[in-house]
Amino acid sequence: MAWGGGFGGSGPMFGGGSSTSSGLPFGGIPSELMDEATKLLAQEPDHPASNIHFTQRPNERERHRLTLPRLISAYPKWVVGGSSLVILTSLTLQAGPKLTEYAINNGMVSGHRSLRVIAVCALLYLALALMSVVAQRAQVVVTGKLAARVMHDLRIRVFTHFQRLSLDFFTEEKSGVLMSRMTSDIENLQQLVQDGISQFAIQGLTMIVITIILFSTNVVLAAWTVLLVVPLLFVLSIWFHGASERGYLLSRDRIANVLADLSESLYGIRVVTANNRQRRNITNHRHVVGAYRDANLYTGRVSAIYGPSTVMIGILGQGLLLGIGGQMVLRHQLSIGALVAFFLYLNRFFQPIQLLVQQYNSLQQGRSSIIRLRELLETSPSVHEDREATDLATIQGRITFEHVDFGYLEGQLVLADINLEIAPGESVAFVGPTGAGKSTMAKLANRFYDPVAGRVLLDGVDIKNVTLHSLRSQLGVVPQEAFLFAGSIRTNLTFGRTSITDAEIEEALDVVGLRELVTRLPQGVDTVIHERGQTLSAGERQLLALARAFLARPRVLILDEATSSLDLHSETVIEHALDRLLEGRSAILIAHRLTTAQRADRIVVIDHGGIVEVGSPRELIERGGAYSKMYDAWLASGGRDATRPDALSN
Ligand code: ADP
């Protein structure tokens, strides 16, 4: 068939047989890899079809404010298990020095020499150490599983929220920001749930346990240690925390500068070379890289002060203990065993403080991530479904704009007092210069946005009062830039309605004139298309999008015609497909080509946010107004030019 020639594309991705020479990329598995693929597939576990209930309004659980405890409490068993293991780990870890004390006092000092006591203590020591290792391992597994589940839930919750939000949100928010919510923010939280919280609990508990043991062993010595060592350590840690946070922020800002400079220089390399800017660029880069190095040096200096200083404080404490404790031993106020145990505990006392200070940043990051995610989840869609919204019954297709005002930004109207009625089965073309408000009219009909004033009605029902699902299932939209998803041609075609038979798909392909070509592909309609169909030409993608709309069988069709100039043949095929698609349907065509406008039942000329003219193509040409000027310009350019933006202004 003639259309085969149109699929020039960029050729097959794999060298998969002669049938791909027609041009559509062959996306299946090459035969030489098929055996391996079959083996891999055999190892795949069963994935039962998930049962998804999507409602436009969030359910009871999704309406709750996002907090970490609430997220975690969805898995009470895992939380109880994890906490018990944390307690067990901290207790078993701290039994060692106490056993040492017992072994010295009851097995080593004169009068109490006993190999049996020493052996039992040593064995117990070993057993408890082993137990703490096992408990720690189990705890890591449990918190890891808990974190994985909690984050899985959160990812789905955020993604579901994206599906509910209105179009304005996605145009205002940069997709990069949204991606970072889904990646780095959720990863920060995962880190916190997986390691952070349990580490905080273990270290905190360890400090409490040690303090209790120290005081129960000897109040005086414990008081000396705590009073002297803890304040020093506390002051030092507060300083370190502030300084390291400053360093962290500094290096984060400066690495951002390095990356920005790098990407600008790389993207602009042609301009750089052409203008001999290399030397200046190197100087610039040296400057930002130097600033980043300084920030890193600062962080290094801070750590170099904190680490050795805590060791110094520890040594100071030990010296103090040796002096005061030794005297107490001589006065028989303290046993040798207890003194040794004190030494051992004192060393262990510092570790949690150091770890807690170092982990503080990750706690802070987790906290700010949860705040950002909470804000995101609390954004409500600007186009929301009314509580009393009912399903829209099957419509005839009468579309009414009633005194509609609309603006994207407050106080700036893009459309003002629009009144228009489109009869069932009628096709209406919107024409006018770029930026006049044609697409905006279409977006209002589909309820991507709500009018600021006035109403949009379908068969006399205000579309604000019906459920979004029932509304959109009767409206078909073919956007200007046809978007194809990763997957086969079939999945792309059956996007709007799932229960579609092969016969229907074939009919749709016939209508848009792609059937012969698709059947020639190695896997027919199951051939996978790559990278959102970027390997197809714009015309081919447009035809597939038309076939998709045809299969969805909407009552009303809204079509934003592709502006990219198609070759004459493609245009004819698309127009033929359009004729079939529009049969018996009401349609809004945003017409960039006057050929399309001429085929519509009526033409609406829009300019500066208002309707300038309405009438059948013939009437408008005879009237000699704005449209007839565009028409004349079009004829003068050989009938191939798109609507001329300047045609209306003169
Ligand atoms: P047309 O389809 O006639 O070319 P549009 O309906 O797309 O025009 O746009 C009408 C006006 O609204 C233009 O001035 C455009 O800049 C503005 N506009 C369109 N989309 C947005 C948006 N998301 N936010 C703000 N302004 C917008």
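**Close-up views of a predicted model**

**View 1. Q203 sits in helix 8, which spans residues 175-217.** Helices here are DSSP runs of H or I with at least four residues, strands are runs of E with at least two, and both are numbered from the N terminus. This is a predicted model, where local features need pLDDT of at least 70, side-chain atom pairs count only at pLDDT 80 or more, and totals for chains, interfaces and linings use all residues. Residues are numbered from 1 along each chain as its sequence is written, and side-chain values use heavy atoms, with hydrogens and water left out.

View 2. Is Q203 buried or exposed? Q203 counts as buried because its relative accessibility is 10% (buried is under 20% relative accessible area, exposed over 50%, partly exposed in between; 1.4 Å probe, protein chains only). Beyond neighbours within four places in sequence, Q203 is in contact with P352, L355 and L356 (contact means heavy atoms within 4.5 Å).

**View 3. Six strands make an open, mixed sheet in the order 6-9-10-3-11-12.** Strands pair if DSSP finds at least two bridges between them. At the edges, strand 6 (475-478) and strand 12 (610-615) each pair on one side only. From one strand to the next, the twist averages 15° (axes are lines fitted to C-alpha atoms, for helices over the stretch in contact, and angles run from 0 to 180 degrees between N-to-C directions).

**View 4. Strand 3 (residues 427-431) and strand 10 (residues 586-590) run parallel, joined by four bridges.** Look for V428, whose bridge partner in strand 10 is I588. Helix 18 (residues 538-552) packs on the sheet, touching strand 6 and strand 9.
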